Amino acid sequence: MTITTTPKPTKSGLRSQCLPFPEVLAQSIANIAPTLTPTVNLALVYASTGNGSWLAYVIATIGLVFVSLNINQFAQRSASPGSLYAYTSRGLGPMAGVTAGWGLVLGYLFTAMAVASGFANYGNILLGLVGIQAPAILLLLVCISAAWFCAYKDIRLSTVLMLGIEAGAVGLILILAAFVLTNKNFAVDTAQLTLQGVTPSGLGLGLVLAVFSYVGFESATALGDEAKEPLKFIPRSVILSTVISGSFFIVMSYVMVLGFQGYKTTLDKTEAPLNVLSSIAGAGFLGVVISVAAMVSLFACTLASINAASRVLFSMSRHGIFPNSMGSAHTVNETPHIAATVAALMVFSLPALLSLAGIKVLDIYGYTGTIATYGFLVCYILISVAAPVYLKRESSLKPWDIAVSALAVLFMMVPVVGSVYPVPAAPYNVFPYLFLVYMAIGVGWFLFLRSRSPQMVEEMERDLEAIDLKFTELRKV
């Protein structure tokens, strides 16, 4: 494997300034995949938090808004395909940046694995309506291959497709929510509002998966070269995607827990909760339509995750962290085609192996989704620490900035602690330590490269500084 130690020029070869604001927002929204929470995530959160599910989403939303504000300290000043990897490097230096980059790559890849597994689950739910079942590995292949093609071919094809899919799916789910509330005569659920049966440990564990519902909200930052007005569109997308999705999650968690009250099967024991909820609310016709929408939304999230992962891999490769070939752009499509191909292959491999080993796709979803969350949590904490350091160096630091940083770190530490204490059941008890091994390998690899080529760090810093300088000059014009 040949590793380059010289960063490529700032000009990336990606399609320049081609995406308007709706399509930049679509990248973050699709990576969050709001449809995913009521169709899959909420049942897992409910298993831990019960009547406190809505509160878990309130806490997660507030925490991630603070993280968004820290990200936007960078996003309103500079933009590149490197996303939080580049931002953290600017604030805390290359070592912290590479650590964030490794966490971000794992986060996006494992998110793609999780949602592709969700696609396979809903694919068989729909096929079951006509008495057919397909091997999970085949459905995984269909989903990931189609996502790879879009990521390889054209970024505009990807974002326009994702925008339409998510808008339609969320609209259908909100219609179902109206049916549920009408069916319940808009009753106030005091059990939820008084947090009946909720324990601090359950809430902490539920927060890990609640945070997973939002991961990818920052992925618009990976479109730094492709957004038309990056310093305006990207910060707006980061904050709006968090607020819009968070509001949707809080409403749907309350409505779904209310809707399942008195039903023979609890929410956390249901493989297709929206289908069941449709029947309970007397709107069974919506169940199949929403299942189709959910399946397509899961595909959109797979695509968004591969888009984001490929751009982080692309940027890190141009700084010598990964093979030089992944840092090249397609001469016609102007996409990071090799990085997208590598990402897609990795996304398919692990779920396929687990499926062949007899593990259910919903279990694969839970496993890979939990591990993905750890990668994002590391990035969110690092970027929140990096923001005030960066602002101080820029002579722009205010007391409010320090408070926002501290609050973001505090909120993100809740799911970090909740993932290890109290000790979760196997195999979830092992995942934090596997993640630490992965991160140690990433840091060790960087230290090895740096020892072999000491100038690598200086060249990396010079390249990132050149990007900042370019936008500083643009802001003066």
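Let's start in a loop: Pro427 sits between H15 and H16. A cis peptide bond joins Ala426 to Pro427, with omega at about 0°. Helices here are DSSP runs of H or I with at least four residues, strands are E runs of at least two, and both are numbered from the N terminus.

A word on the source. This is a predicted model, where local features need pLDDT of at least 70 and side-chain atom pairs count only at pLDDT 80 or more, while totals for chains, interfaces and linings use all residues. Residues are numbered from 1 along each chain as its sequence is written, and side-chain values use heavy atoms, with hydrogens and water left out.

The rule: rings of Phe, Tyr and Trp (its six-membered ring) pair if their centres lie within 6.5 Å; planes under 30 degrees apart are stacked, over 60 edge-to-face, and the rest tilted. Buried or exposed? Tyr367 is buried, at 18% relative accessibility. Tyr428 is partly exposed, at 28%. The cut-offs: buried is under 20% relative accessible area, exposed is over 50%, and partly exposed is in between (1.4 Å probe, protein chains only).

How many aromatic pairs does the structure hold? The count is 23. Another one of them is Phe260 with Tyr263, edge-to-face, 6.0 Å centre to centre and 85° between the planes. Phe260 is buried at 6% relative accessibility. Tyr263 is partly exposed at 31%. There is also an aromatic cluster, formed by Trp102, Phe322, Tyr374, Phe435 and Tyr438.

Back to helix H14, for Phe376. Phe376 is buried, at 0% relative accessibility. What does Phe376 touch? Leaving out residues up to four places away in sequence, its contacts are Gly103, Leu104, Gly107, Tyr108, Thr111, Val215, Gly216 and Glu218. Contact means heavy atoms within 4.5 Å. Take Glu218: 158 residues from Phe376 in sequence, yet 9.9 Å away in space, C-alpha to C-alpha.

Next, H14 against H3. Helix H3 (residues 53-75) and helix H14 (residues 361-393) have axes that come within 9 Å and cross at roughly 45°. That makes H3 oblique to H14. Axes are lines fitted to C-alpha atoms, for helices over the stretch in contact, and angles run from 0 to 180 degrees between N-to-C directions. Under 35 degrees counts as roughly parallel, over 145 as roughly antiparallel, 65 to 115 as roughly perpendicular, and the rest as oblique. The crossing of H3 and H14 is left-handed. Left-handed means the near helix is turned anticlockwise from the far one by less than a right angle; clockwise is right-handed. H3 brings Leu64, Val67, Asn70, Ile71, Gln73 and Phe74; H14 brings Tyr380, Ile383, Ser384, Ala386, Ala387, Tyr390 and Leu391. By class, that is 10 nonpolar, three polar and no charged residues. Ala, Val, Leu, Ile, Met, Phe, Trp, Tyr, Cys and Pro are nonpolar; Asp, Glu, Lys and Arg are charged; the others, Gly among them, are polar.

Now H2, with two partners. Helix H2 (residues 36-49) packs on helix H10 (residues 230-259) at about 70°, axes 11 Å apart. H2 and H10 are therefore roughly perpendicular. The crossing is right-handed. Thr37, Pro38, Leu42 and Tyr46 of H2 meet Phe248, Phe249, Met252, Ser253, Met256 and Val257 of H10. The tally is eight nonpolar, two polar and no charged.

The other partner is helix H9 (residues 200-212), at about 165° to H2 with axes 7 Å apart. H2 and H9 are therefore roughly antiparallel. H2 passes H9 in a left-handed crossing. Asn41, Leu44, Val45, Ser48 and Thr49 of H2 touch Gly202, Leu203, Leu205, Gly206, Leu209, Ala210 and Phe212 of H9. Here it is seven nonpolar, five polar and no charged.

Last, backbone angles. Gln17 is not a glycine, but has a positive phi of about 45°. Gln17 lies in the segment before helix H1 (21-32) and is partly exposed at 46%. Phe186 also has a positive phi, near 55°. Phe186 is in the loop between helix H7 (155-183) and helix H8 (190-193), and is exposed at 56%.
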